[in-house]
Amino acid sequence: MIKNVNSGLYLDVDGAKAENGTNVQQWGATEPGTQNTFRAISAGDGYYYLVSQVGDKATYFLEVADNSLENGANVGIWSETGADCQKIKFYGVSDGTYMLLTKQTGDKKCLGVQAASKEVGANIVQWQTTISDTSQHWTLEKVENDGCAMDTSKTYMFENVNSGLFMDVAYAGTEDGTNVWQWRGDTENPGTNNTFTLKQFGTSHMYYIMSCLGDYCLKAENGDNGGNIFLTPYSTNDSSMLFKFVKNPDGSYNILTHASRDNCLVEIADAGTGNSDNVAQWEANGNNCQKWDLVEVTIEEPEVACDVNMDGVFNVADVVLLQKWLLAVPDTYLANWKATDLCEDDKLNAFDLCLMKQALLDQTA
C-alpha cells in the first residue's frame, strides 16, 4: 500500500475497475484491498513497474497517460507496454519516505496529489519534483500477498521457466519424504510422476499441490532458505503443505510456501538446468528459476497393460525399460509407470519386474 505523507490517504484504482485507462486517485483505507495494493516488479536499471492488484493481479500497470512529459499529466492503469511512462524510480527522502520519479521525464518529475489536496478522491498526477512538497512524498506499507484464484478442475505439469524441465516426483516414489526434483517430460504423454492437481484450502487462495500418484501432496521442509520440497501423504492438519500462487505479467507463476509465511518461493536450487536438480525454496530474487508455467494436460489411461513406454504395445522393450529404471540407469524415463504396477501397491520394485516378465512369457506362449 502506498500512502501519501501530506494527506494520509492511499493510491487507489477508481472502483477497483480492471480496465485500461481507469483513473488512479487517493482514498482512505483501514485494510488492504485489490484497489489499493500494488506489486513492485523490477524493470531494470533501478526502475520498477507498479502492478495493480485489480483483476488477475498481473495485467494492469501504473502509468502516466500518453507517455506525457507535462506537469499535470494524469496517472491511471494500463496493460503492459514496456514504455518508460510505466517505469518508476523510488527516490529515498531523508525521513524514510519516497518520491516516485517517472522515467520518461528523466527523473525530473514525479507522482503527487493534484494541488496538494487532502481530500478523498483527489487526483494523482505527474508534477515537477519539489523536495519540500510532502504531497509528493509516499510511505510504502508492506502487506500480505493473498495470491490468486486457481482452477482446481485441471491437471497440470509445472514447467520451470529457467530450465524448461518439469517438476517431478523422484522415481515416482510414494514414501513419505520422497524427493521432488526436475526432469524432462512430454506434455503430450504426461506421467503420474510429473502431473499435479490443486485442492483449495477453505475459501482462501491457499492450495494443496496434489500428486497424480495418489493421495499425496507436496510439503515444504521448513521456513528457511534452502528448505526442501518433498512428497508426503495428504493431510488437513499440516499448514506446511499449503502454497499460494502469484501470477506474473508474463503468465508464469511464483509459488509461495506457507511454511515460510510467504517469504520463500518454490525454485530449482542454484538455478540448475539439469535433470535431477532439486526443487527447494528461497526468498524472492527475481530469477527465472523461481517462475513456473502451469501447462494443462490430460492423463490417458493406458490401453495396453504393461506398456510402460506408451508406444501402444507390450513387448521386451517395456521389460528392459523397467529394469533399467530399477537399476537407476541415468536418463531412464517411464512414460507411464502405473502401467507396470502389477502388485497394485503404488510402488515399483523387483516383484513388479518378475510379474512383467511372466506376463511377457505368457503373451509369447
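Me: How many helices and strands does the chain have in this model?

Reply: The secondary structure of the chain comes to 2 helices and 24 strands. Please keep in mind that the model is predicted. The C-alpha trace spans about 90 × 40 × 35 Å along its principal axes.

Me: What share of the 365 residues is buried?

Reply: Buried residues make up 46% of the 365 residues in the chain. As for contacts with a separation of 6 or more, 56% of them join residues 24 or more positions apart.

Me: Let us turn to the helices. How is a pair of packed helices described?

Reply: In general, two packed helices are described by the distance between their axes and the angle between those axes. Here the pair consists of helix α1, residues 316-326, and helix α2, residues 350-364. Their axes come within 10 Å and cross at roughly 170 degrees. Because an angle over 145 degrees counts as roughly antiparallel, α1 is roughly antiparallel to α2.

Me: Is the crossing of α1 and α2 left-handed or right-handed, and which residues make the contact?

Reply: The crossing in which α1 passes α2 is left-handed. From α1 the contact draws on V316, D318, V319, L322, Q323 and L326, and from α2 on A350, D352, L353, M356, K357 and L360. Sorted by class, this contact has 8 nonpolar, 1 polar and 3 charged residues.

Me: Where do A16 and E344 lie?

Reply: A16 is in the loop between β2 (10-13) and β3, and E344 is in the loop between α1 and α2. A16 counts as partly exposed because its relative accessibility is 32%. E344 counts as exposed, with a relative accessibility of 72%.

Me: Which residues does Q35 touch, leaving aside those up to four places away in sequence?

Reply: Q35 touches L11, D12, V13, A16 and V54. One of these is A16, the residue with the positive phi of about 55 degrees. Q35 itself belongs to the loop between β3 (24-27) and β4 (38-44). Its relative accessibility is 24%, so Q35 counts as partly exposed.

Me: How far is Q35 from K357 in sequence and in space?

Reply: Q35 and K357 are 322 residues apart in sequence, and their C-alpha atoms are 63 Å apart. K357 is one of the α2 residues in the contact with α1.

Me: How far apart are E80 and P249?

Reply: E80 and P249 are separated by 169 residues in sequence and by 7.9 Å in space, C-alpha to C-alpha. Residues up to four places away aside, E80 touches Y49, T59, F61, Q86 and P249. E80 is placed in the loop between β7 (75-79) and β8 (88-92). At 42% relative accessibility, E80 is partly exposed.

Me: K87 lies in the loop between β7 and β8 as well. Is K87 buried or exposed?

Reply: K87 is buried, because its relative accessible area is 11% and the cut-off for buried is under 20%. Beyond its neighbours within four places in sequence, K87 is in contact with A43, Y47, Y48, Y49, G82, L101, T102 and K103. Y49 is also among the residues that E80 touches.

Me: Which side chain makes a polar contact with the side chain of K57?

Reply: The partner is D146, whose side chain makes a polar contact of 2.4 Å with that of K57. K57 is found in the loop between β5 (47-52) and β6 (60-64), and K57 is buried, with a relative accessible area of 11%.

Me: Finally, where is G312, and what does G312 touch?

Reply: G312 lies in the loop between β24 (292-297) and α1. When residues up to four places away in sequence are not counted, G312 touches V304 and D307. G312 counts as partly exposed, at 44% relative accessibility.

Methods: Residues numbered from 1 in each chain as written. Predicted model: local features only at pLDDT ≥ 70, side-chain atom pairs only at ≥ 80, totals over all residues. Heavy atoms only, no water. Helix = DSSP H or I, 4+ residues; strand = E, 2+ residues; numbered from the N terminus. Buried < 20%, exposed > 50% of the residue type's maximum accessible area, 1.4 Å probe, protein only. Polar contact = N/O pair within 3.5 Å; in protein donor to acceptor, adjacent residues only side chain to side chain. Axes fitted to C-alpha atoms, helices over the stretch in contact; angles between N-to-C directions. Parallel < 35°, antiparallel > 145°, perpendicular 65-115°, else oblique. Left-handed = near helix turned anticlockwise from the far one by under 90°. Contact = heavy atoms within 4.5 Å. Nonpolar A, V, L, I, M, F, W, Y, C, P; charged D, E, K, R; others polar.
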